[in-house]
Amino acid sequence: MFKKVLIANRGEVAIRIIRACREIGIPTVSVYSQADAGSLHVSLATEAYCIGGNESSKSYLNIPAIISAALISGADAIHPGYGFMSERADFAEICREHNITFIGPSPESMQLMGDKATARKTMAAKNVPITPGTGIITDIEEAKKSAEKFGYPVIVKATAGGGGKGMRVANTPEELEQNINLCRQEAEKFFGNPDVYMEKYLVNPRHIEVQIIADKFGNVVHLGERDCSIQRRHQKLIEEAPSPAVDDETRKKLGEAAVQAAKAANYEGVGTIEFLLDKDKNFYFMEMNTRLQVEHGITEMISNVDIVREQINIAAGNKLSFTQDDIKLSGHAIECRINAEDPDRNFLPAPGEINGYITPGGFGVRVDSHVYSGYKIPPYYDSLISKLMCWAPTREECRRRMYRALKEYVITGVKTTLPFYQDLIENEVFISGNFDTGFMNTYKKD
Ligand code: ADP
């Protein structure tokens with residue numbers, strides 16, 4: 001096992017990782033920006049180092065500072081969490097050069113799956129279904145011809161994209177031309193790579209993703225699916241597991257496709273294969289996230305697998321501690337992402353000081369968070385306050401438990417998305433389970 005793990009992240013995910021390390025018995029090293037000096041991830045770690053200024057580019061994305069902290073503290077592994085360095089193949093490569101284990105896949109499989117167009121090609125070659133689409137667009141007239149062939153609408157995507165950025169839907173050839181140009185500019189700006197491709201835009205599919213976990217010995221196991229169809233601007237708002245739209249037969253097929261996808265990439269570590277599911281239960285590979293995901297906790301609740309602990313375990317070179325047959329999914333779990341945002345002002349970020357904080361509790365309720373009463377939410381990073389997760393034997397019991405927990409939760413001093421979720425969880429369409437990624441386009445408070 002590792003002697004010491006450095007966590008190259010902040011917020012709730014840094015704490016999630018510290019907790020797993022503590023339970024295994026590994027000392028931890030936190031790194032932090034000046035703005036995060038008062039953060040819980042700093043006080044909970046065995047030791048902590050300030051690595052730079054407030055902007056992420058000066059701290060959590062500052063490779064020389066992170067590596068120096070690892071070398072000074074004697075950490076032999078780095079956990080990148082999600083976001084920041086988690087999908088940077090160059091960072092994984094630099095860790096390797098310094099004999100530090102990057103807790104994640106190899107730089108080679110990150111590169112392969114991190115580039116969406118290459119990932120699609122790899123999947124198609126292994127007969128994993130993908131949406132009809134093109135490779136990197138080099139000629140706009142050719143792209144227009146392809147779009148005619150697939151039929152509008154189509155979606156232009158940055159091959160290096162993520163987080164809902166660098167994606168634009170086009171309904172006409174004129175829009176297509178315009179969006180290719182806009183996407184290229186955005187892609188260059190956000191991801192440093194202007195390449196874009198295009199695929200058929202499915203009208204209101206469901207977003208279904210499968211959690212996989214793979215060791216260095218070729219064992220790949222899936223932990224079932226999550227449904228992340230409730231989105232705003234292609235960003236997830238609520239996740240649940242299992243999906244109300246997936247029956248046992250489709251689950252089996254999805255699981256097999258996900259395992260095949262992971263094997264095709266020679267993948268090791270934890271990862272998520274994202275699919276779109278249409279009304280006829282056809283599913284299409286969309287992308288792979290080569291890291292721990294925000295919503296991993298709901299899969300932990302229905303599978304009883306500690307995903308982070310297992311991730312550290314396999315990164316240290318151990319065999320997966322279970323096989324596919326050992327995995328028995330049970331009950332239902334839902335997650336709400338509670339953000340410091342004002343739902344009445346178009347989800348405008350609302351950083352500031354939390355002056356009152358009471359968390360919900362009780363059987364089947366989990367709150368993963370880094371905040372406390374008196375905590376100042378800095379304006380420099382994402383606005384996540386906490387992930388509220390509930391488990392119950394059935395979906396309806398879980399939904400009611402979530403409503404109860406949302407009503408118990410008190411956060412004062414900053415605007416939050418709590419009232420938004422309290423309404424949404426009681427919405428008839430949400431209750432029915434019969435929704436898709438178009439849900440928020442028509443959603444109105446009851
Ligand atoms: P990102 O990597 O930025 O998260 P994704 O490729 O995962 O982007 O897509 C995010 C969301 O965009 C999906 O969950 C889905 O709602 C929508 N989307 C992406 N591709 C398509 C498509 N071909 N058809 C319909 N919706 C899509």
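Predicted model: local features only at pLDDT ≥ 70, side-chain atom pairs only at ≥ 80, totals over all residues.

Guide:

**The ligand and its surroundings**

A polar side-chain atom of lysine 116 lies 2.9 Å from an oxygen atom of the ligand, which is a polar contact in the sense used here, a pair of N or O atoms within 3.5 Å, where within protein one must be able to donate a hydrogen and the other to accept it, and residues adjacent in sequence count only if both atoms are side-chain atoms.

Residues are numbered from 1 along each chain as its sequence is written, and side-chain values use heavy atoms, with hydrogens and water left out.

The ligand is surrounded by 21 residues, of which Gly164, Glu199, His207, Gln231 and Glu287 are the closest; a residue is near a molecule or strand if one of its heavy atoms lies within 4 Å of it. Strand 6 gives the largest share of this shell, three residues, where strands are DSSP runs of E with at least two residues and helices are runs of H or I with at least four, numbered from the N terminus. Domain 2 (132-200) and domain 3 (206-442) each supply at least three residues of the shell, the bounds coming from an automatic or database domain assignment. By class, the shell has seven nonpolar, seven polar and seven charged residues; Ala, Val, Leu, Ile, Met, Phe, Trp, Tyr, Cys and Pro count as nonpolar, Asp, Glu, Lys and Arg as charged, and the others, Gly among them, as polar.

Glu199, one of the closest residues to the ligand, also leads us to the charged pairs. The side chains of glutamate 199 and lysine 157 meet in a salt bridge at 3.5 Å, N to O, the term standing for a side-chain nitrogen of Lys or Arg within 4 Å of a carboxyl oxygen of Asp or Glu. Because lysine 157 lies in strand 6 and glutamate 199 in strand 8, the pair ties together parts that are 42 residues apart in sequence. Lysine 157 is buried, with a relative accessible area of 4%, and glutamate 199 is buried as well, at 2%; buried means under 20%, exposed over 50%, and partly exposed in between, with a 1.4 Å probe and protein chains only.

Glutamate 209 and arginine 226 form another salt bridge, 2.7 Å from N to O, which links strand 9 (residues 206-214) with strand 10 (residues 220-232) across 17 residues. Glutamate 209 is buried at 0% relative accessibility, and arginine 226 is likewise buried at 0%. Through salt bridges that share partners, Glu209 and Arg226 belong to one network with Lys236, Glu239, Glu274, Glu295 and Arg337. The structure holds 38 salt bridges.
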